[in-house]
Amino acid sequence: MRDLFRRYLIGGLAALGILAGAGGVLAQEVGKVGVDWLGNDIIIEAIKDPKVEGVTCHVSYFDRGVIDRLQKGNWFEDPSDSSISCRQTGPIKIGDIDLSEDGEEVFKQGISLIWKKQVVNRIYDKANDTLIYLSHSRQVQDGSAKMSITSVPLYGQTVEWAKGKPQ
């Protein structure tokens, strides 16, 4: 039984590692806060927007420990909660971004063995000259209403647009 559990755990962690890199953008862990004796942690990662140079997002999420997973019986899934904060961290250079109302996915990583993903989307608010970043979870059966939003105002900033500023 212990070998079977170990095999599932190792397989699950390997799958999570593969899924974490599936978005093309790598998150760099910059902080880890232990919240209790069960091994549960809050992870803080820095994510660079691949098409917007000079913007860094910090995302935090809950990482369940093995004891908590065993107690709750849900071994292969972390909660959908996340928080995001994005700021200008250098000169802003905007590449060929999606300017549509639903924007584009900047980052995603698996937070369950197979289906559930933590996602960051970027939307350009042309009327207010602002980049909006939305962190949320994506679930196959029922979406999650747990989300966090942040924005990076471009008004008054020197911003270099690869294709010229949208009119």
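**Close-up views of a predicted protein model**

**View 1. A salt bridge joins Lys-51 and Glu-104.** Lys-51 forms a salt bridge with Glu-104, and their closest N and O atoms are 3.0 Å apart; a salt bridge here is a side-chain nitrogen of Lys or Arg within 4 Å of a carboxyl oxygen of Asp or Glu. The pair links distant parts of the chain, with Lys-51 in the loop between strand 2 and strand 3 and Glu-104 in strand 5 (residues 104-110), 53 residues apart. Helices (H or I, at least four residues) and strands (E, at least two) are DSSP runs, numbered from the N terminus. Glu-104 is buried, with a relative accessible area of 14%, whereas Lys-51 counts as partly exposed at 36% relative accessibility. In these legends, buried means under 20% relative accessible area, exposed means over 50%, and partly exposed lies in between (1.4 Å probe, protein chains only). The model is predicted, and local features need pLDDT of at least 70, side-chain atom pairs count only at pLDDT 80 or more, and totals for chains, interfaces and linings use all residues. Residues are numbered from 1 along each chain as its sequence is written, and side-chain values use heavy atoms, with hydrogens and water left out.

**View 2. Lys-163 and Asp-96 meet through their side chains.** The two side chains form a salt bridge at 3.6 Å, N to O. Lys-163 lies in the segment after strand 9 and Asp-96 in the loop between strand 4 and strand 5, so the pair ties together parts that are 67 residues apart in sequence. Lys-163 counts as exposed, at 66% relative accessibility, while Asp-96 counts as partly exposed, at 46%.

**View 3. Asp-129 forms a salt bridge with Lys-165.** The closest N and O atoms of this pair are 2.9 Å apart. Because Asp-129 lies in the loop between strand 6 and strand 7 and Lys-165 in the segment after strand 9, the pair ties together parts that are 36 residues apart in sequence. Asp-129 is buried, with a relative accessible area of 10%, and Lys-165 is partly exposed, with a relative accessible area of 42%. Elsewhere, salt bridges that share partners join Asp-49, Lys-51, Glu-104 and Arg-122 into one network, and the count of salt bridges comes to 6.

**View 4. A disulfide links Cys-57 and Cys-86.** The sulfur atoms of Cys-57 and Cys-86 are 2.0 Å apart, where a disulfide is counted as a pair of cysteine sulfur atoms within 2.5 Å. The link is right-handed, with 105° about the S-S bond. It connects distant parts of the chain, with Cys-57 in strand 3 (residues 52-63) and Cys-86 in strand 4 (residues 82-94), 29 residues apart. Both Cys-57 and Cys-86 are buried, and a search of the whole structure finds 1 disulfide. A disulfide is a covalent bond between the sulfur atoms of two cysteines.

**View 5. Tyr-124 and Trp-161 form an aromatic pair.** The structure holds 1 aromatic pair, and in that pair the rings of Tyr-124 and Trp-161 are edge-to-face, at 5.2 Å centre to centre with 70° between the planes. Rings of Phe, Tyr and Trp (its six-membered ring) pair if their centres lie within 6.5 Å; planes under 30 degrees apart count as stacked, over 60 as edge-to-face and the rest as tilted. Tyr-124 lies in strand 6 (residues 117-125) and Trp-161 in strand 9 (residues 159-161), so the pair ties together parts that are 37 residues apart in sequence. Both Tyr-124 and Trp-161 are buried.

View 6. Thr-130 is buried, with a relative accessible area of 11%, and a polar atom of its side chain lies 2.8 Å from the backbone oxygen of Asn-128. Leaving aside neighbours within four places in sequence, Thr-130 is in contact (heavy atoms within 4.5 Å) with Ile-123, Tyr-124, Asp-125, Ser-151, Val-152, Pro-153 and Leu-154.

**View 7. Ile-47 is placed in strand 2 (residues 41-48).** Ile-47 is buried, with a relative accessible area of 3%. Although Ile-47 and Ala-27 are 20 residues apart in sequence, they are 4.9 Å apart in space, C-alpha to C-alpha. As background to these views, the secondary structure of the protein comes to 2 helices and 9 strands, which follow the pattern α-β-β-β-α-β-β-β-β-β-β along the sequence. Of the 167 residues of the protein, 37% count as buried.

Key
A polar contact is a pair of N or O atoms within 3.5 Å; within protein, one must be able to donate a hydrogen and the other to accept it, and residues adjacent in sequence count only if both atoms are side-chain atoms.
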